[in-house]
Protein chains: 4
Amino acid sequence: MQILIRPGDELPIYRQIMSQITEALAVGRLQPGEKLPSHRELAEELVIAPLTVKKAYDELESLGFLETQRGRGTFVCSRLPKLKMADQREQIEAAARKLLSLAYMVGVDLGGVVEILRKAEDELLHGSHSAASRAAG
Amino acid sequence: MQILIRPGDELPIYRQIMSQITEALAVGRLQPGEKLPSHRELAEELVIAPLTVKKAYDELESLGFLETQRGRGTFVCSRLPKLKMADQREQIEAAARKLLSLAYMVGVDLGGVVEILRKAEDELLHGSHSAASRAAG
Amino acid sequence: MQILIRPGDELPIYRQIMSQITEALAVGRLQPGEKLPSHRELAEELVIAPLTVKKAYDELESLGFLETQRGRGTFVCSRLPKLKMADQREQIEAAARKLLSLAYMVGVDLGGVVEILRKAEDELLHGSHSAASRAAG
Amino acid sequence: MQILIRPGDELPIYRQIMSQITEALAVGRLQPGEKLPSHRELAEELVIAPLTVKKAYDELESLGFLETQRGRGTFVCSRLPKLKMADQREQIEAAARKLLSLAYMVGVDLGGVVEILRKAEDELLHGSHSAASRAAG
DNA sequence: GTGGTCTAGACCACC
DNA sequence: GTGGTCTAGACCACG
């Protein structure tokens, strides 16, 4: 469960945990049915308050990504949820706009962006070359 | 100025304003030296408190995008700031990772993502076909 | 925190707070990593509006002197920022010119100025012999 | 009347004018009895509003540095005023503290500060090697 | 408890 | 007219 926390970050800690878990899910580094560390365990590992990890787990559970089995632990759901179509489109478009704006501001064109995406894909799929940057999502 | 506010959004109002202004800058819809509406004016137009717009302007000023001249108004900086190379890379890579993760989760592959980017580019450059979604960035 | 506010001063209150904090930093009275009082607490102590203290903290944060952690508080950055060399020189030279001009106007020569500096140094390092004058910087 | 205006500066324009005139007075570049350009003239030269120059002149007049003779123009007073002792001390001490804090923050000690003062003195007395930096005071 | 955001009002300084 | 500062309140999110 390689998770990296940046305490002072703009993104709240529990959100950092959530987005890193969903990234791992999207990419297949976490498999359906797989068991996660207990929130206390993970909290100790990350040196943060247990409640904070629990909040991340709870949110992910209410979104349908995780499920907890009393006394056994927390697991990745076997059937991952599909977001509502409207939300999907909107979120992806927003992310696309943001990426484009950033690129434009540095003078990178669409071709360059695609190049960057290729590298990011490679990184996401085959391990974490730059662990530090993983907390940024 | 064509800014669209979504009151209940997760992103705070002043952030929505900031990101829409920086998007406009990146894309050239706002030109260096151009005068922005006064924060009071824009606040009235958006039906929000003047201080909220002012906060957005202030942040953009401290980031080097805008500059204010007492008694005259707020303007786009003539020389836009260059981010430090490290920050640039990290920000763009984070945005790329986020876009990819979202796409993966919906079963869209890199080709599909590029398609989405093309549409987003078109939207950013020429008018606002889906004005509502522009506030999400 | 020993901060002294002069309500009617030409320098705005939040600026008075900022300059007294940066002075404390320069001189070592505030150490890297140290926790500052919450903006509400300090506001109550100084008998001013909480937002006013917050503005001072916010500015110092965007300048890289302080960092805040949601729910935990505001802290002195562990690594204080280095100004760009050009800015450094210019700021120091401007301060030197101002000091000299003031001295000249009163008929104090360089020797006298050095004498004044010695006293100021002593004051900054060890207690606040003239607390009232400390708000002027 | 070499005056340099920095439009976006934190210091209001009329204050920039005032401080550059008083600096010139302190250093002797402007002599008692000397005639200043009319506020309209100077305004045109500096490309700013005449009212702004007038305000600077008015303030300096009410402080006793300048005097206007109806129909003849504005002149440096023959007997320059002495500030009140309390104000003097306070202003000079504040300037000293500010200079010291800046120096400390860059790792310059009292010896280095004296060195800087020597250079500044030389510059002030013998013409303006760096005209740009003169607007900072 | 902490900081983060927003409101509605006020008064001032500047140009 | 512009921006700059300050107040007194409110509600939310975070740890």
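How many bridges join strand 2 of chain C to strand 3 of chain C? The legends below take up this point and then turn to chains B and A.

This is a predicted model, in which local features need pLDDT of at least 70, side-chain atom pairs count only at pLDDT 80 or more, and totals for chains, interfaces and linings use all residues. Residues are numbered from 1 along each chain as its sequence is written, chains are lettered from A and ligands numbered from 1 in the order in which they are written, and side-chain values use heavy atoms, with hydrogens and water left out.

**View 1. Strand pairing in chain C.** Strand 2 (residues 66-69) of chain C is joined to strand 3 of chain C by 4 bridges, and the two run antiparallel; strands pair if DSSP finds at least two bridges between them, and strands (E, at least two residues) and helices (H or I, at least four) are DSSP runs, numbered from the N terminus. These two strands of chain C form a hairpin with 3 residues between them, and C:G71 in the turn has a positive phi of about 80 degrees. Strand 1 (residues 35-36) of chain C is joined to strand 3 (residues 73-76) of chain C by 2 bridges, also in the antiparallel sense. Within strand 3 of chain C, C:F75 is the bridge partner of C:K35 and likewise that of C:E67.

View 2. In chain B, 3 strands with antiparallel pairing make an open sheet of order 1-3-2. Strand 1 (35-36) and strand 2 (66-69) of chain B stand at the edges with a single partner strand each, so one side of each is left without a neighbour in the sheet. Strand 2 of chain B pairs with strand 3 (residues 73-76) of chain B over 4 bridges, and B:Q69 stands opposite B:G73 of strand 3. Helix 3 (residues 50-62) of chain B packs on the sheet and touches strand 1, strand 2 and strand 3 of chain B, where contact means heavy atoms within 4.5 Å.

**View 3. Where chain B meets chain A.** In this view, 40 residues of chain B are in contact with 42 residues of chain A. The count between chain B and chain A is 6 salt bridges (a side-chain nitrogen of Lys or Arg within 4 Å of a carboxyl oxygen of Asp or Glu). A:E10 forms a salt bridge with B:R15, with the closest N and O atoms 2.0 Å apart. Helix 4 (85-105) of chain B is one of the helices that each supply at least two residues of the side of chain B that touches chain A, and helix 4 gives the most, with 16 residues.

Key. Axes fitted to C-alpha atoms, helices over the stretch in contact; angles between N-to-C directions.
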